[in-house]
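Biologist: I'm new to this one. Could you show me how to read a few of its features?

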Amino acid sequence: MCGIIGYVGKRQASPILLEGLRRLEYRGYDSAGVAVIGADTLVTRKRKGKIEEGLGTLLGQSPVAGHCGIGHTRWATHGPPSDENSHPHLDRASRVAVVHNGVIENYDRIKERLVAAGHHFHSATDTEVLAHLIGEHLARLTSVPEGTHPLAAAVANALREVIGTYGIAVVAVDYPGTIVGARRGSPLLIGVGEGENYLASDAAAVVAHTRQVVYLNDYDVVTLTADDFAVTNLGTETAKVQITRLEFDAEAAERGPYPHFMLKEIFEQPQTVRNALRGRVDLEEATAKFGGLNMTTAELRAVDRVVIAACGTSWHAALVGEYLLEEFAHLPCEVEYASEFRYRNAPLDKHTLLLVITQSGETADTLAGLREAKRRGHKALAICNVVGSTIAREADGGIYLHAGPEIGVASTKAFTSQVTALTLLALLMGRIRMLSHPRGNQLLRALEAIPDQIQRILDQNERIRQIALKYAAAEDFFFIGRQYNFPVALEGALKLKEISYIHAEGYPAAEMKHGPIAMIDERTPTVVLAPNDALYDKTQSNLQEIKARKGPIIVIATEGNTRIAEAADDILYVPATLDPLYPLLNVIPLQLLAYHIAVARGCDVDKPRNLAKSVTVE
């Protein structure tokens with residue numbers, strides 16, 4: 001969840017580290033710091049708070065010189081946010097510095113042993129314990145295998161004592177031109193430059209300098225110098241190294257003319273949906289085609305049950321996928337919270353397919369679910385946005401979203417891309433079973449119209465902003481919808497909670513009268529998803545129940561439906577489409593509504609409190 005950046009080369013490290021940390025801000029953090037190796041010196045600068053007011057100001061007042069260094073943005077796990085708990089952390093002799101993402105589960109037992117040996121600690125973090133442990137191993141190192149760097153040997157020896165997850169970067173005064181990194185369960189990559197190299201937890205931190213990266217695997221240890229890098233593995237002592245070219249450039253990770261990344265990404269959705277469709281539409285056969293599923297038609301035909309595991313927004317997309325797979329392919333489908341699935345002894349027969357959905361490809365719970373299914377011999381596919389991510393590499397096959405970097409913590413374009421990919425997958429599974437050619441063709445043609453229809457909704461941005469201003473002072477919201485629009489109601493409520501801190505709940509429309517309607521009053525708005533679908537009349541009845549109790553109502557309706565305005569306080573229109581595709585349209589005004597309410601309330605839209613973009617710890 002935190003961010004790591006390392007640099008070694010001919011340039012001054014400090015400005016590069018600071019720039020990299022700024023590019024990692026979107027992941028969520030509460031403090032930031034750097035450690036730079038100079039002339040026989042190790043200098044750290046770290047401070048609680050935002051980079052510009054904290055670390056940036058500190059480095060401006062007290063610059064640090066050196067050509068090798070590491071930086072970190074911290075999201076608190078062990079110990080509250082504070083200057084002392086900020087990374088980097090030093091060893092006992094203050095000659096080794098460590099930054100760390102993840103959790104060292106046995107840090108307390110290691111700490112007890114070190115305290116008994118005379119070590120003193122200045123923070124409440126597990127990372128400082130790891131720094132002391134590495135320093136201890138480095139101090140007592142007498143020999144190393146041929147070709148192994150002493151600092152890498154000390155790091156490897158220390159990590160063999162560790163239980164937990166980690167992505168770390170380590171520098172030491174005695175080895176001024178070297179950075180050692182290692183990962184287990186927390187992402188880490190090498191940025192390959194010319195006469196300089198980088199280490200980072202996220203490609204966004206290095207894409208301005210290089211588009212050549214190496215994604216490290218679990219238990220990999222890398223030794224990085226300006227001119228070279230070497231990777232070994234704690235388990236096998238050999239490692240698979242593959243240089244990958246990033247799909248996006250530095251400009252794609254910039255805000256451009258938009259005030260926030262979230263707004264930029266909302267407005268990118270016509271293009272990102274096109275990207276998810278590109279090359280995958282086969283109108284002649286009325287089906288979808290994928291290059292990366294790595295399953296034959298016979299294997300897909302043999303699947304008799306699908307389990308989808310995901311978290312957060314991806315879980316809501318998965319719920320839409322459940323409806324799609326059941327309708328188009330008549331396949332039993334269940335959606336699991338990945339965090340629950342990984343610990344359950346869920347019965348999976350041999351013809352069950354596991355599908356995991358993740359934007360980042362690094363979500364810890366989703367990755368654990370994938371590994372559990374594979375351990376039990378099941379095929380596991382992934383829908384993922386980040387090429388080269390851990391889940392993308394470990395899945396048996398899958399579908400890339402090609403949505404480009406999503407920087408805003410509150411996911412928007414990933415959701416619509418995931419639903420697009422799920423629609424195509426459901427169509428494919430349906431066509432190899434029982435879905436007719438005309439129905440498949442109808443669906444594809446409607447899908448191809450979606451990007452332009454999204455643009456028509458985005459053109460209503462100012463209208464949506466005005467409605468948002470009207471309700472920005474509310475402290476409670478309900479979102480309701482039926483069938484395909486129930487997951488959209490959940491997603492709309494989540495978006496509002498994430499960035500405006502308003503309490504919001506999403507429900508199937510009919511469930512309101514089974515308890516939640518007791519909360520309806522003049523101060524509690526309800527957003528009603530009421531497109532002209534098969535259940536429109538039923539949803540209209542639920543709307544009237546809320547109106548009878550004087551609850552303010554915002555309706556998302558299909559263009560041309562003027563009658564519903566009689567029951568609504570405010571109404572937003574979306575173009576007409578097929579029932580299964582309304583989630584792709586109805587979610588857009590909900591994203592904009594949440595965005596504009598958050599802005600009106602003065603919230604930090606791109607960096608909401610307590611949240612991180614990629615959850616890589618439990």
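Predicted model: local features only at pLDDT ≥ 70, side-chain atom pairs only at ≥ 80, totals over all residues.

Biologist: Where is Pro-583 found, and what is Pro-583 in contact with?

Modeller: Pro-583 sits in helix 18, residues 582–600. Setting aside neighbours within four places in sequence, Pro-583 is in contact with Val-320, Phe-415, Tyr-484, Asn-485 and Val-488. As for Ser-500, Pro-583 is 83 residues from Ser-500 in sequence and 22 Å away in space, C-alpha to C-alpha.

Biologist: Is Ser-314 buried or exposed?

Modeller: The cut-off for buried is under 20% relative accessible area. Ser-314 has 8%, so Ser-314 is buried. Ser-314 belongs to helix 9, residues 312–329. Its side chain makes a polar contact with the side chain of Gln-418, at 3.0 Å. Beyond residues up to four places away in sequence, Ser-314 touches Ile-357, Thr-358, Gln-359 and Gln-418.

Biologist: How far apart are the end C-alpha atoms of helix 14?

Modeller: They are 33 Å apart. At 1.5 Å a residue, the 22 residues of helix 14 (437–458) should span 32 Å, so the two values agree. Still, helix 14 has a kink of about 40 degrees at Ile-450, shortly before the proline Pro-451.

Biologist: What caps the N-terminal end of helix 14, and which residues in helix 14 are buried?

Modeller: Ser-436 is the cap: a side-chain oxygen lies 3.2 Å from the backbone nitrogen of Arg-439. In helix 14, the buried residues include Gly-440, Leu-443, Leu-447, Ile-450 and Ile-454.

Definitions and conventions. Residues numbered from 1 in each chain as written. Heavy atoms only, no water. Helix = DSSP H or I, 4+ residues; strand = E, 2+ residues; numbered from the N terminus. Expected span 1.5 Å × (residues − 1). Bend = angle between axes of the 7 residues up to and from the residue. Buried < 20%, exposed > 50% of the residue type's maximum accessible area, 1.4 Å probe, protein only. Polar contact = N/O pair within 3.5 Å; in protein donor to acceptor, adjacent residues only side chain to side chain. Contact = heavy atoms within 4.5 Å.
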